[in-house]
Amino acid sequence: MADEEQRPSPDALLAQARREGHGRLKIFLGAAPGVGKTYAMLQAAHQRLADGIDVVAGVIETHGRRETEALVKGLDLLATRQVEYRGHSFKEMDLDGLLARRPALALVDELAHTNVPGSRHVKRWQDAEELLAAGIDVYATLNIQHLDSLNDVVEQISGVKVRETLPDSVLAKAGEIELIDLPPEDLIKRLHEGKVYVPEQARRAIDSFFSPGNLTALREMALRHAAERVDRQMVDYMRAHAIAGPWPARERLLVCIDEKADGDRLVRVTKRAAERRGAAWVAVTVDTSRAHAMTEAEKDRIAEAMRLAAQLGGETSTLQGDDIVAAILGYARERNATQIVVGRSRRPRLFRLGASVTDRLIRSAGDINVLVVGGEADGKAQRLGSSHMAEKPDWRGFAIAMAAAAAATGLGFAIDIWLPVASISVAYLLAVMVVAMKAGLRPAILASVAGFVAFNFFFTEPRFSFAVSDTQNILTLLFFLIAAFIVSNMASRLRAQIQTTRESARRTGNLYDFGRKVTAAATLDDVLWAVVHHVANTIRGRSLVLLPSGNGLAIAAGYPPEDQLDDKSNAAAEWAWVQGKPAGRGTATLPASLWLFLPLKTSRSPVGILGVQMTEDADMPSPEQMRLLETLTDQAAVAIERTTLVSDIEAARVATERERLRSALLSSLSHDLRTPLVSIMGAASSIISYDEALDAASRRDLAQTIQDEAERLNRFVQNLLDMTKLGAGAMKPRVDWSDLRDIVGAAVQRSSHLASRHAIKVDIAGDVPLLCVDAVLMEQVFFNLIDNACKYAPAGTPVKVWAMRTPEHVTIEVADQGPGIPPEDREKVFDMFYRVGQTDSQAAGTGLGLAICRGIVEAHGGVIHAEPGLHEAGTCIVIHLPLPPALDLPPAEAEA
């Protein structure tokens with residue numbers, strides 16, 4: 001133990017090792033704006049510069065203050081970086097320039113500042129972290145109200161929501177903190193003198209944020225954080241240098257809770273003492289291998305005291321180890337505790353086999369003060385313990401002890417013929433060991449005494465008498481009794497350890513089963529069913545989960561199924577939801593309820609309420625069940641929140657996709673659909689305005705333009721309608737036997753005026769059979785494909801349509817010699833509104849043609865995809881349509 005205390009803490013040494021090669025961060029922590037933190041940082045920088053240190057000011061926010069601007073002179077001020085955002089120019093710290101300059105010390109003002117969008121990091125403190133990682137020391141400034149953990153507190157005190165915050169971990173990483181503070185009166189005076197803000201801003205600031213009460217509260221928070229930081233630094237130093245301590249630089253109390261002490265009284269005494277001294281305090285209990293032997297009442301007493309400590313604002317910790325004194329003193333020195341609070345020993349001196357835990361603590365505490373709390377609670381706790389022992393004697397164990405002693409005596413008579421008398425004692429030792437493992441310590445001690453008496457009476461000379469004539473037999477009896485006591489103690493401890501291990505394994509298995517069930521559950525209903533079913537089996541009772549709804553709480557799941565609660569139970573559930581504390585049966589709040597309600601809470605917010613009800617033979621869950629329930633509620637809350645987050649993410653994804661489609665549709669309507677309208681309106685206005693000046697040919701050309709653009713507009717609208725039908729599932733193919741040649745021929749004829757600059761070549765193999773398809777829809781597919789090919793292929797190049805029969809499909813290809821589709825876009829082009837390489841010079845279209853083709857082809861049980869054209873030139877759209885399932889007719893030409 002002494003060797004361990006003199007070894008440095010591994011965690012502290014690792015923390016020091018991690019800092020090697022990194023720069024050191026010093027933060028000038030301001031209690032409020034205007035206290036002079038930037039001024040103090042610049043003064044410190046000048047001192048370092050005078051010591052020969054290379055100092056560069058990365059960014060300094062002077063806010064027009066003359067004193068601060070004067071201190072900037074003489075320092076190497078790095079030029080800021082100009083960033084354009086929404087038509088305005090902003091100045092930001094040049095991080096790359098500072099890394100390239102690589103000074104020994106960099107000055108970074110306003111650590112919580114948010115960088116302009118487009119910068120490498122969102123926050124300036126992230127810029128500072130990159131400088132530190134590069135081995136550059138950093139001086140930085142920060143106001144206490146910018147700490148993330150204090151954001152809600154500052155808003156509650158001042159009524160002002162601080163928008164720029166940084167994580168508390170940034171402050172924790174600082175190697176040094178210098179608190180910059182001013183009394184509220186002096187700071188308000190600086191405001192009136194215009195040294196912080198211009199007069200109009202200063203007046204508004206005094207009326208809102210800079211009131212004396214607000215400044216006093218901010219000042220207290222800054223002082224507390226600085227003191228806690230210094231305290232942590234001192235503890236880290238002690239651990240790294242193996243200093244046992246304590247160093248009483250700051251009071252810290254440690255209260256010890258066990259099953260025999262009046263824990264509530266000890267906790268309240270420690271709380272009052274800590275408040276008087278302004279000290280931190282911790283409540284600890286030691287979990288030993290004998291913890292399983294404690295009664296449920298004793299376990300509940302410890303749990304209640306630890307819960308009370310947490311409610312009163314203290315820390316709580318459960319230590320492990322069989323040596324209670326060593327565990328407590330080790331933890332006390334680790335936490336730099338200055339005083340240990342314990343209860344007075346409850347055992348009368350007559351029954352003590354050694355020094356009590358309290359006495360051993362006092363002897364071993366060294367420089368740590370030990371406060372022993374006694375008084376009226378001693379008698380009360382002692383009476384409770386004695387009454388409990390009197391009410392529940394271990395009659396079964398005592399009966400086992402007497403039976404074991406009798407069995408050992410019978411065995412002794414059986415072996416007395418062959419073995420010497422001294423060997424018979426082994427039978428009694430075996431009996432003592434069996435009793436200790438089966439019934440515990442006290443029955444084992446009874447078995448030891450009974451064996452001692454029986455051994456003396458039946459087997460030592462003179463027999464059947466308690467007298468002992470041989471001195472050797474006296475020693476045998478004495479050593480037997482000592483050995484019996486030792487064996488009984490060791491065997492009972494082994495039994496307790498085995499039971500503790502089994503109980504721990506059972507509890508771990510229970511939690512594992514529950515975690516596996518809720519992890520496998522994909523939906524909220526599955527999670528809720530797993531929760532209520534597992535909890536009901538754990539407590540052997542009933543359970544339900546209530547979730548918030550529009551009208552308060554509603555039962556979401558129950559096992560056995562439950563659909564309503566009485567008024568008292570509803571009131572208890574509502575109170576537990578609002579207050580975030582247990583309520584109902586067995587608690588101090590609305591105990592008339594038939595149910596006990598436990599809040600399901602996560603770090604974000606409460607998510608629901610768990611209700612439990614015991615069976616008729618039990619009124620409340622046992623302390624062990626309650627401890628297990630508390631763990632299950634935490635896991636259940638996380639599982640419920642997980643499903644909620646998944647639903648939120650899915651809803652956000654759907655909303656994003658909906659917004660993307662809406663934007664794409666609006667873009668198509670505003671650009672692609674507007675183009676034919678402009679052409680139609682231009683041609684029509686020319687006819688109206690220049691009717692007499694136009695000859696017949698010109699008039700015919702304008703009319704043809706109107707017709708062509710109107711047809712193009714009609715195709716766009718038809719595509720939108722078809723896509724709407726496909727999305728709603730309203731487009732049902734009306735299949736009938738159709739000849740592929742007729743379908744393709746109709747599509748080519750329909751697109752003849754679009755293909756004036758292209759030659760459309762059709763090649764359909766003679767063995768292609770009749771297909772069972774919707775001819776109208778398939779004609780629309782080929783029309784869209786030919787239309788696309790004509791749009792993107794260069795003028796004069798052919799567009800080829802060919803088809804052939806394979807063993808399972810009819811394969812149709814529509815190929816062009818256009819620019820082709822990049823490999824990464826060949827699947828995306830079948831998405832709605834997706835168009836490759838959108839530019840102003842791109843052919844007009846809504847981006848729906850291929851999406852409609854895929855919908856129609858897949859509705860016929862086919863497949864469509866894009867491939868590169870011949871010799872990797874152009875695009876080839878390939879369609880595979882299934883052969884007729886029941887009829888394989890010969891080609892139409894063969895029939896003719």
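Arg 276 counts as exposed because its relative accessibility is 66%, where exposed means over 50% relative accessible area, buried under 20%, and partly exposed in between (1.4 Å probe, protein chains only). Arg 276 lies in helix 12 (residues 263-277); helices (H or I, at least four residues) and strands (E, at least two) are DSSP runs, numbered from the N terminus. Together with Arg 265, Arg 268 and Arg 272, Arg 276 forms a positive surface patch. Such patches gather residues with over 30% relative accessible area and no salt bridge, like charges being joined within 9 Å and nonpolar side chains (Val, Leu, Ile, Met, Phe, Trp, Tyr) within 5 Å. The model is predicted, with local features requiring pLDDT of at least 70 and side-chain atom pairs counting only at pLDDT 80 or more, while totals for chains, interfaces and linings use all residues. Residues are numbered from 1 along each chain as its sequence is written, and side-chain values use heavy atoms, leaving out hydrogens and water.

Five strands make up an open sheet in the order 15-14-18-17-16, with antiparallel pairing; two strands pair if DSSP finds at least two bridges between them. Strand 15 (552-559) and strand 16 (583-584) are at the edges with a single partner strand each, so one side of each has no neighbour in the sheet. Strand 14 is joined to strand 15 by seven bridges in the antiparallel sense, and Val 545 is placed opposite Ala 557 of strand 15. A hairpin through two residues links strand 14 to strand 15. On pairing with strand 18 (residues 606-613), strand 14 (residues 542-549) runs antiparallel over five bridges, with Gly 611 in strand 18 as the bridge partner of Leu 544. Strand 16 pairs with strand 17 (residues 596-601) over two antiparallel bridges, and here Gly 584 faces Leu 596 of strand 17.

Three bridges connect strand 12 in parallel to strand 9 (residues 252-256), where Leu 253 is opposite Gln 339. Five bridges connect strand 12, again in parallel, to strand 13 (residues 369-373), with Val 341 opposite Leu 371. Strand 12 is mostly covered, five of its five residues being buried. Gln 339, Val 341 and Gly 343 point one way, and Ile 340 and Val 342 the other.

Salt bridges number 16 when defined as a side-chain nitrogen of Lys or Arg within 4 Å of a carboxyl oxygen of Asp or Glu. One of them joins Arg 101 and Asp 76 at 3.1 Å, N to O. This pair links distant parts of the chain, with Arg 101 in helix 5 (residues 95-101) and Asp 76 in strand 3 (residues 76-77), 25 residues apart. Arg 101 is partly exposed at 33% relative accessibility, as is Asp 76 at 36%. Arg 120 and Glu 130 form a salt bridge at 2.5 Å, N to O.

Helix 28 (residues 849-859) is mostly covered, with nine of its 11 residues buried. Arg 854 is buried at 16% relative accessibility, whereas Glu 858 is partly exposed, with a relative accessible area of 47%. Gly 861, with a positive phi near 80°, follows helix 28.

Methods. Areas by Shrake-Rupley, 256 points an atom, 1.4 Å probe, with all protein chains shown as cover. Lys, Arg positive; Asp, Glu negative; His and termini not counted. Charge placed at Lys NZ, Arg CZ, Asp CG, Glu CD.
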